[in-house]
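Subject: Structure handover

Hello,

Here is the structure I promised to pass on to you.

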Amino acid sequence: MSMSIPPELAGAIPLIDRFQVEGFLKAMQKQIQSSGKRGFFIKKSVGPQVREKFTLEDMLCFQKDPIPTSLLKVPNDLVSRSIKLFHVILKYMGVDSPAIISLEERIELVAKLYKHTLKRSELRDELFAQISKQTRNNPDRSWLIRAWELMYLCASSMPPSKDIGAYLSEYVHYIAHGATTDSDVRVLALNTLNALKRSVKAGPRVAIPAREEIEALLTSRKLTTIVFFLDETFEEITYDMATTVADAVEELAGIIKLSVYSSFSLFECRKIVNGSKSSEVGNEEYIGLDDNKYIGDLLSEFKSAKDRNKGEILHCKLVFKKRLFRESDEAVTDPMFVQLSYVQLQHDYILGNYPVGRDDAAQLTALQILVEIGFIDNPESCVEWISLLERFLPRQVAITRAKRDWELDIISRYQLMEHLSKDDARNQFLRILRTLPYGNSVFFSVRKIDDPIGLLPGRIILGINKRGVHFFRPVPKEYLHSAELRDIMQFGSSNTAVFFKMRVAGVLHIFQFETKQVF
């Protein structure tokens with residue numbers, strides 16, 4: 001077989017058992033004859049003793065007529081759906097339509113293909129086999145370009161299975177680098193090849209791409225969305241139906257000139273707002289996002305979560321922050337890296353994630369004010385002064401003594417900082433928090449599932465840093481216990497839970513926690 005099959009189909013040889021070559025072509029011949037037409041894929045016999053035999057090459061050739069059955073061996077309940085897919089492909093290509101198909105119709109047809117095949121890998125494989133069939137020996141250039149366009153759209157975020165993907169990649173690569181390939185086809189084939197590499201890694205979309213996503217890819221333009229930072233500033237990023245979290249992180253790092261960004265990622269921030277809670281600080285939930293998650297899926301989830309919510313308003317947004325703090329961070333001098341690290345530590349500190357004494361609290365508040373407004377001679381004359389004190393002093397710390405006592409303490413410390421620049425103050429703030437046992441932690445809100453020694457309350461906050469795992473009571477914020485890295489024998493996590501096997505007082509115990517955040 002390998003001697004007779006054309007080179008572009010060589011990748012299909014290992015998959016020959018997945019194609020129903022004889023069954024398809026016999027059904028095709030029967031369909032042609034019943035309609036009174038001439039024979040289909042006529043092959044001349046070499047001699048009177050040689051029986052006519054159809055091949056894979058015959059089957060994977062362009063045809064104008066509908067198909068009578070699937071190209072691949074699929075479950076019986078999917079055969080009729082496979083036939084319908086081919087009708088959509090013919091319509092998209094304009095084969096069975098005398099008029100030029102509009103952009104609106106093309107968008108609807110692509111959405112229909114996604115709707116029918118997104119959740120069924122067998123149908124995705126069948127779809128790609130059918131589209132590749134329509135790109136071979138196609139006599140009409142406009143039909144051919146439409147077929148390749150459709151291949152690109154489907155490959156962008158709805159990949160085939162591993163084996164069909166290997167065949168398809170080889171086929172598309174052959175066409176993309178063929179010496180006689182039409183220039184427009186070559187561009188589409190190269191785009192398809194790149195799309196396949198990305199979507200095979202990321203997997204299929206969860207949600208059917210929105211109409212505007214399909215239109216944007218068809219018209220070679222980008223959509224935009226907003227990503228926030230922890231200080232409520234934001235940047236606009238571009239995306240299309242194939243853009244993943246990893247792509248977005250890379251683009252955003254380029255926009256803000258962040259050269260070292262491997263420890264940063266996008267997070268989903270959820271905040272429920274209902275009257276009394278609307279101004280409450282710290283009722284946000286940050287959920288780490290997988291690098292392969294599609295931006296389009298996230299935005300679709302945000303919309304459906306908002307639509308589902310009853311009685312409460314659920315705010316969802318994308319936030320850019322550090323996934324973890326590394327020991328090597330202290331050596332990084334990139335200004336944007338230092339600034340984002342400061343913003344994140346400041347955010348956690350203001351939320352109360354860093355329980356500190358009064359002296360440290362006063363010093364840290366004075367440093368934050370200096371970073372914010374620089375040094376001024378008469379701070380109490382500054383109209384922002386009182387609001388800055390309230391903003392930069394954690395609420396749980398502020399209630400430990402009279403407001404005026406805090407004001408006088410912080411002012412006296414601030415007035416001693418005349419020699420410090422904003423950068424100096426920022427670095428001092430970072431240095432003070434780093435020296436705490438739980439300094440430079442990333443914090444996770446969790447619910448206890450299994451605590452074998454009764455050490456912890458039902459709801460806790462975990463802080464994880466280079467030194468180990470730190471346990472806090474959330475309200476009022478209270479440091480409870482630390483497990484150093486050398487005492488943690490095993491760690492595991494899923495999308496909903498995390499566990500630690502760790503040594504407490506010399507004895508190994510397993511602690512399990514429920515969480516929506518990704519570790």
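Ala 129 is buried, with a relative accessible area of 3%; here buried means under 20% relative accessible area, exposed over 50%, and partly exposed in between, with a 1.4 Å probe and protein chains only. Ala 129 sits in helix H5 (residues 121-134). Helices (H or I, at least four residues) and strands (E, at least two) are DSSP runs, numbered from the N terminus. Leaving out residues up to four places away in sequence, Ala 129 touches Phe 19, Leu 60, Leu 71 and Leu 72, where contact means heavy atoms within 4.5 Å. Phe 62 is 67 residues from Ala 129 along the chain, and their C-alpha atoms are separated by 11 Å.

Two notes on the basis of all this. This is a predicted model, where local features need pLDDT of at least 70 and side-chain atom pairs count only at pLDDT 80 or more, while totals for chains, interfaces and linings use all residues. Residues are numbered from 1 along each chain as its sequence is written, and side-chain values use heavy atoms, with hydrogens and water left out.

Now the overall picture. The protein has 17 helices and twelve strands. Its radius of gyration is 31 Å, whereas a compact globule of 519 residues would have one near 24 Å; the radius is taken over C-alpha atoms, and the globule rule is 2.2 Å times the number of residues to the power 0.38. The C-alpha trace spans about 105 × 55 × 45 Å along its principal axes. Of the 519 residues, 48% count as buried. Among contacts between residues at least 6 apart in sequence, 65% join residues at least 24 apart.

The protein exposes about 25,400 Å², and carbon and sulfur atoms supply 52% of that (Shrake-Rupley method with a 1.4 Å probe; for residues, only the protein chains shown count as cover). As for charges, the mean positions of the 69 positive and 66 negative ones are 6 Å apart. Lys and Arg count as positive and Asp and Glu as negative, with His and the chain ends not counted; each charge is placed at NZ of Lys, CZ of Arg, CG of Asp or CD of Glu.

Next, the cores. In soluble globular proteins, nonpolar side chains tend to be buried together. A nonpolar core is here a set of buried Ala, Val, Leu, Ile, Met, Phe, Trp, Tyr and Cys residues joined through side-chain atoms within 4.5 Å. Which residues touch the most other members of the largest nonpolar core? They are Phe 19 and Trp 148, out of 68 residues in that core. Helix H6 (residues 141-155) gives the most to this core, with eleven residues. Apart from neighbours within four places in sequence, Trp 148 is in contact with Thr 135, Tyr 171, Val 172, Ile 175, Val 185, Leu 188, Ala 189 and Thr 192. A second, separate core has 59 residues, including Phe 325, Val 442, Phe 443 and Ala 483.

Val 442, from that second core, lies in strand S6 (residues 442-450) and is buried at 5% relative accessible area. Beyond four places in sequence, Val 442 touches Arg 323, Leu 324, Phe 325, Leu 462, Gly 463 and Ile 464. Its C-alpha atom is separated by 37 Å from that of Arg 221, which is 221 residues away along the chain.

Ile 295 is another buried residue, at 0% relative accessibility, and is found in helix H11 (residues 295-308). Its contacts, not counting residues up to four places away, are Thr 225, Tyr 239, Thr 243, Thr 244, Val 245, Ala 248 and Leu 266. Cys 316, in strand S5 (residues 313-322), is in contact with Glu 268, Cys 269, Arg 270 and Phe 302, again leaving aside neighbours within four places.

Finally, two backbone details for your checks. Ser 220 has phi near 55 degrees, a positive value in a residue other than glycine. Ser 220 belongs to the loop between helix H9 (211-218) and strand S1 (223-228) and is exposed, at 71% relative accessible area. Lys 257, also not a glycine, has a positive phi of about 60 degrees. The loop holding Lys 257 runs between helix H10 (245-255) and strand S3 (264-273), and Lys 257 is exposed at 67%.

Best wishes
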